[in-house]
Amino acid sequence: MSKWEKIKIGNFLIKESTRLSDIDKQDLEVYGVSNVLGITKTSHKQSKDLSKYILIKPGFFAYNPYRINVGSVGLTPNGTSGLVSPAYVVFRTDKAKLLPELLLDFLKSNDGLFEIKRHARGTVRQALRFEDLCKIEMAIPPIEDQKEIIKRRTRTQLRHKGLKFEFKNQKVNLQKLRQSILQDAMNNAGRVALLEEICDFIKGESPIKKTDPGAYPLVVTGENRKTSDKFQFDTTAVCIPLVSSTGHGKKSLNYVHYQEGKFALGNILVALMPKDKKILNAKFLHQYLLINKDLVLVALMKGMANVTLPIKDLKKVKISLPDIEKQNKVEILMQKLDKLEAEISQNQKTADMLMQAVLREAFEK
């Protein structure tokens with residue numbers, strides 16, 4: 001629990017409303033606010049008449065009253081000046097009493113978001129006006145303590161950024177190692193086969209949005225499985241989406257899945273099952289198609305608005321096929337790499353949690 005008294009932040013806020021029509025400069029960039037990026041150049045259609053757009057300068061906050069409840073509030077960084085839509089609320093802090101960086105951390109924290117939702121108005125679509133924002137209470141340390149908190153936060157964020165960069169590099173290196181292992185196996189393959197020669201193809205039957213949940217995994221186009229009250233397969237299979245992951249005329253596949261045991265399959269996917277497990281290891285096929293999906297699968301997609309992967313073309317894909325012993329060795333190596341990648345992901349989550357804990361602790365000392 002914080003040792004500092006909670007005070008209404010309105011005591012330290014100054015609303016800004018200088019419009020383009022009030023200044024001489026006319027060549028200012030138009031910005032928006034993202035809950036991820038903060039103040040950012042907008043790609044949304046803007047008015048031809050910018051005269052009512054509001055000026056933002058370094059240290060100014062901006063937020064959309066209808067979006068701040070999901071964290072869409074931004075602090076204008078040093079070196080940035082521009083305009084935001086008149087739909088935004090713009091304000092700044094009295095820096096002699098409240099550092100803007102500290103307020104931003106609070107507004108994006110769980111406690112801050114709780115306060116925002118508590119003071120927002122409306123039933124169907126809530127909005128937080130400036131006068132509502134001013135009623136929010138925050139534990140505000142003396143200014144010297146605020147400066148020390150920001151210094152600690154900056155040091156922690158730099159270390160966290162370095163860790164994230166390292167984790168990213170580790171995953172890139174693991175992917176390169178996967179490709180190298182797979183390529184070595186393919187280079188020593190004893191035969192080339194069409195997928196239709198070594199796999200049975202069965203299309204999924206379960207409507208993804210209408211299937212009743214149940215005890216069996218339901219493989220869908222996304223990363224996570226849903227559930228089904230019935231199963232279609234009891235085998236090992238590689239499951240491939242037959243529609244583009246992005247739609248809108250773009251060719252892409254985000255995921256190729258491996259599944260075993262009893263499971264259901266979405267009706268916009270197809271299952272590839274080895275005809276002879278003494279010839280083809282399904283996990284080996286999964287790794288090959290996953291790593292090479294852009295070259296092998298996405299390249300086959302067709303269509304203008306609705307981009308799809310035709311099964312008849314998928315059946316004609318050629319694959320260099322090592323002997324089963326080599327495929328099994330590749331599977332074992334890939335499982336070890338999967339374990340390493342899972343450890344990296346867990347370490348990354350731990351680093352993120354520690355980062356948040358350090359930021360919370362700064363307000364409790």
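Is Lys302 buried, exposed or partly exposed? At 45% relative accessibility, Lys302 counts as partly exposed; here buried means under 20% relative accessible area, exposed over 50%, and partly exposed in between, using a 1.4 Å probe and protein chains only.

A word on the model before the views. This is a predicted model in which local features need pLDDT of at least 70 and side-chain atom pairs count only at pLDDT 80 or more, while totals for chains, interfaces and linings use all residues. Residues are numbered from 1 along each chain as its sequence is written, and side-chain values use heavy atoms, with hydrogens and water left out.

**View 1. Lys302 pairs up with Asp313 in a salt bridge.** The closest N and O atoms of the two are 3.0 Å apart; a salt bridge is a side-chain nitrogen of Lys or Arg within 4 Å of a carboxyl oxygen of Asp or Glu. Lys302 lies in the loop between helix H7 (293-296) and H8, and Asp313 sits in helix H8, so the pair ties together parts that are eleven residues apart in sequence. Helices (H or I, at least four residues) and strands (E, at least two) are DSSP runs, numbered from the N terminus. Asp313 is buried, at 18% relative accessibility.

**View 2. Glu196 and Lys316 form a salt bridge, with their closest N and O atoms 2.7 Å apart.** This pair links distant parts of the chain, 120 residues apart: Glu196 belongs to helix H5 (residues 195-198), and Lys316 to the loop between helix H8 (311-314) and strand E18 (318-321). Glu196 is partly exposed, with a relative accessible area of 27%.

View 3. Glu115 is buried, at a relative accessible area of 10%, whereas Arg118 is partly exposed, at 49%. Across the whole structure there are 15 salt bridges.

**View 4. Here is the second largest pocket, with a volume of about 610 Å³.** On a 1 Å grid over the protein atoms alone, a pocket is an open set of points where a 1.4 Å probe fits, with protein on both sides within 12 Å along at least five of seven lines; lining residues have an atom within 4 Å of a point. There are 17 lining residues, and Arg178, Glu223, Leu290, Asp338 and Glu341 lie nearest the centre. Helix H4 (143-187), strand E16 (257-265), helix H6 (282-291) and helix H9 (324-362) each supply at least two residues of the lining.

**View 5. Four strands make an open sheet, in the order E4-E3-E8-E5 with mixed pairing.** Two strands pair if DSSP finds at least two bridges between them. Strand E4 (38-41) and strand E5 (54-56) stand at the edges with a single partner strand each, so one side of each has no neighbour in the sheet. From one strand to the next, the twist averages 50°. E5 and strand E8 (residues 82-84) run antiparallel and are joined by three bridges. Look for Ile56, whose bridge partner in E8 is Gly82.

**View 6. Ile202 sits in strand E12 (residues 199-203).** Its relative accessibility is 36%, so Ile202 counts as partly exposed. The C-alpha atoms of Ile202 and Leu272 are separated by 6.9 Å, although these residues are 70 residues apart along the chain.

Definitions and conventions:
Points joined across faces, edges and corners; volume = space filled by probe spheres on them. Axes fitted to C-alpha atoms, helices over the stretch in contact; angles between N-to-C directions.
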